Amino acid sequence: MRIEGLYFDPYITLIQRLRQSTSIRVGLSAQGYSFPSPTGIVDYSFRKPGDVATLSVLASGDSYGNAGIEADGAVPLSRTLSLGFGAQGSRNGFYNGTTSWSHNEAVSLRWRPSPDVEILPFWARSQVYDDEAGPVYIPAGPYLPPPIPRRRYDGPGWNDYNSVGGLQGILATVSPWRDWTVRAGLFRSLYDDRSTFAHLLTDLTPEGRANRLIIADPRSRFVSVSGELRVSRSLAEGPRLHVLHLSFRGRDRRQRYGGSDVLDYGPTRIGEAFRPPEPEYAFTAQTNDRVRQKTVGIAYDGRWRDVGELSFGLSKTDYAKRFSLPGALPLETRSRPWLWNVTGAGFLGPRLALYAGYARGLEESGIAPDNAVNRNQPLPAILTRQVNAGLRYRLTDTIRLVAGVFDLRKPYYNLDAAGRFGLLGDIVNRGVEFSVAGAVTPRLNVVAGGVLLRPRVTGEGVVLGRVGPRPVGIPTRSLDFNADWRLPVEGLSFDAGVSNTGRVTATRDNSVSIPSRTLVDLGARYRLRVGRRDVTLRAEIRNIGNVYGFELESAGAYDIIPGRVASAYITVDI
């Protein structure tokens, strides 16, 4: 994760109040991007307050009962200082019948005392409350859950998720000398989970009978301080540009979690009302862990006009994680690997470019899911690597084709036979990715693309038959088509989106899969002026065919996907 290209370790990400756009850096889009990750980089572009006073207000609602209002604006305070601000509040209704309330706020400053200096401090807060934990369905045998009614919640009202998230930080860019740039980012991200619940319907039969478990967690806290200092030097040499980067990245992540109380309410049935009184919880001691990581790296980006590009980087990281389990001595794991990447592209004429790359990285592997006996336990960092190659071809002056192949490898974590989420082997993802994007006509823009994947699990577990050869939760294909058609009527446009997801393996032994599905969304937008104000009206219907299906929560644990939902919003720029 990055903010303006600088390293960021989030619990709460950069919320919309502070975010201008989001870029995914992988494959060809990672060419020339410093210190890439094998599984890709998410880079947030910061919404910088401008030099003109602005205010934009948006009101929205949908057929699920969601309703919200938000406002964002900027005020220049002086010739060199601008203030940005924003807030949002909403009542939320979900596909499973649960509801919640949420709000967020953000403030930022942009200080430019000279053309060579820019300082951006910011603050954001986000809160969710009264968010009931909807059920997760865990069948008793090798089959999918029976049909689950949408928009119906039969559980208690006291199992609410209540959490406060916070993000504070500062971005700085200084150009002390010609061709030199110093950039720095320091961020503090936190979640204060004041109450958390998991709601499980286990041993679910095809007739809808199950056993109801509700797992309650005491107050948990997750805080991460992270950032990067980067010094860059550019050197232009005729048609060639050389850029050298020296980087120091670091983070200090602290977590307090666990101490759960498991409430077994015994036999139940889907659709049967369940309204027990809130119990007295018997929480136990919590687990504490801390991750400290420091990385020093050097990278080079070279670009030769009309010839090609070459980038490479080398980093040394020092990773340490310390566990403090209740009633046990602290445990510590440490890793000090070398990480590197190299990418290159060659331009074979004005229409065709070829590219290839290799990256090796150290990444977090998440936490154990709700249906694991070691629920919520953070997992160790893993080494990942990716090799990819492909081409970019300009079909016309306005349409481009990108196609590539890749081989991504990393350790495979999932539920074992005892229900513990741990290391089961290695996963190899080999596939093809492609996209076609551009203006088909002056009024019609199209973006189409997809991934065809052949994921496989390797290791002793597969050889002994304890683990199936296909990894859990990875679709065999993912295809998307989006079109935007601007009508001759000024300001009016229609858009459509079609997504197809292939079969998803759902259990460790590969005995159950979620079938493939296709979802269609349709929308319209109308921009007009009312007096001196710009107004945008937007309407959309998602999953217009009301397709029914399941979402995989973890191995053998399911939720339903949302059905048809109509939404609309109006934006007024003041």
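How many cavities of 30 Å³ or more does the count come to by this rule? The count comes to four, where a cavity is a set of points, on a 1 Å grid over the protein atoms alone, at which a 1.4 Å probe fits but cannot get out. The model on the screen is predicted, so local features need pLDDT of at least 70 and side-chain atom pairs count only at pLDDT 80 or more, while totals for chains, interfaces and linings use all residues. Residues are numbered from 1 along each chain as its sequence is written, and side-chain values use heavy atoms, with hydrogens and water left out.

**The largest cavity**

Select Pro 135, Tyr 137, Arg 152, Asp 154 and Gly 271, which are the closest to the centre of the largest cavity among the 15 residues that line it, a lining residue being one with an atom within 4 Å of a point. The volume of this cavity is about 140 Å³, a volume being the space filled by probe spheres set on the points, with grid points joined across faces, edges and corners. Its lining divides into seven nonpolar, three polar and five charged residues; here Ala, Val, Leu, Ile, Met, Phe, Trp, Tyr, Cys and Pro count as nonpolar, Asp, Glu, Lys and Arg as charged, and the others, Gly among them, as polar.

**The open sheet and a salt bridge**

Next, colour the strands, which are DSSP runs of E with at least two residues, numbered from the N terminus, and which pair if DSSP finds at least two bridges between them. An open sheet of four strands has the order β2-β1-β4-β3 with mixed pairing, and its edge strands, β2 (6-7) and β3 (19-25), each pair on one side only. Within this sheet, β1 (residues 2-3) and β4 (residues 41-46) pair in the parallel sense over two bridges, and Ile 3 has Tyr 44 in β4 as its bridge partner.

Now select Lys 48 and Glu 118, which form a salt bridge whose closest N and O atoms are 3.0 Å apart. Because Lys 48 lies in the loop between β4 and β5 and Glu 118 in strand β9, the pair ties together parts that are 70 residues apart in sequence. The structure holds 29 salt bridges, each a side-chain nitrogen of Lys or Arg within 4 Å of a carboxyl oxygen of Asp or Glu.

Move on to β7 (residues 81-93) and β8 (residues 99-114), which pair in the antiparallel sense over 13 bridges, with Leu 83 opposite Leu 109 in β8. These two strands form a hairpin with five residues between them, and Gly 97 in the turn has a positive phi of about 90 degrees. A further hairpin joins β8 to β9 through two residues; β9 (residues 117-132) runs antiparallel to β8, joined by ten bridges, and Ala 106 is the bridge partner of Ala 124 in β9.

**Strand β34 and its partners**

Select β34 (residues 565-573), which pairs with β5 (residues 54-62) in the antiparallel sense over seven bridges, Ala 59 standing opposite Ile 570. Strand β31 (residues 533-542) also pairs with β34 in the antiparallel sense, over nine bridges, and Arg 538 has Tyr 569 in β34 as its bridge partner.

**A nonpolar patch**

Finally, show the surface and select Leu 229, Leu 244, Leu 246, Phe 248, Val 296, Ile 298, Leu 314, Trp 338 and Trp 340, a nonpolar patch with about 830 Å² of accessible area together. Patch residues have over 30% relative accessible area and no salt bridge, with nonpolar side chains (Val, Leu, Ile, Met, Phe, Trp, Tyr) joined within 5 Å and like charges within 9 Å; the areas come from the Shrake-Rupley method with a 1.4 Å probe, and for residues only the protein chains shown count as cover. The elements giving two or more residues to the patch are β15 (240-257), β17 (287-304) and β20 (338-347), and β15 gives the most, with three.

Methods: On a 1 Å grid over the protein atoms alone, a cavity is a set of points where a 1.4 Å probe fits but cannot get out, and a pocket is an open set with protein on both sides within 12 Å along at least five of seven lines; lining residues have an atom within 4 Å of a point.
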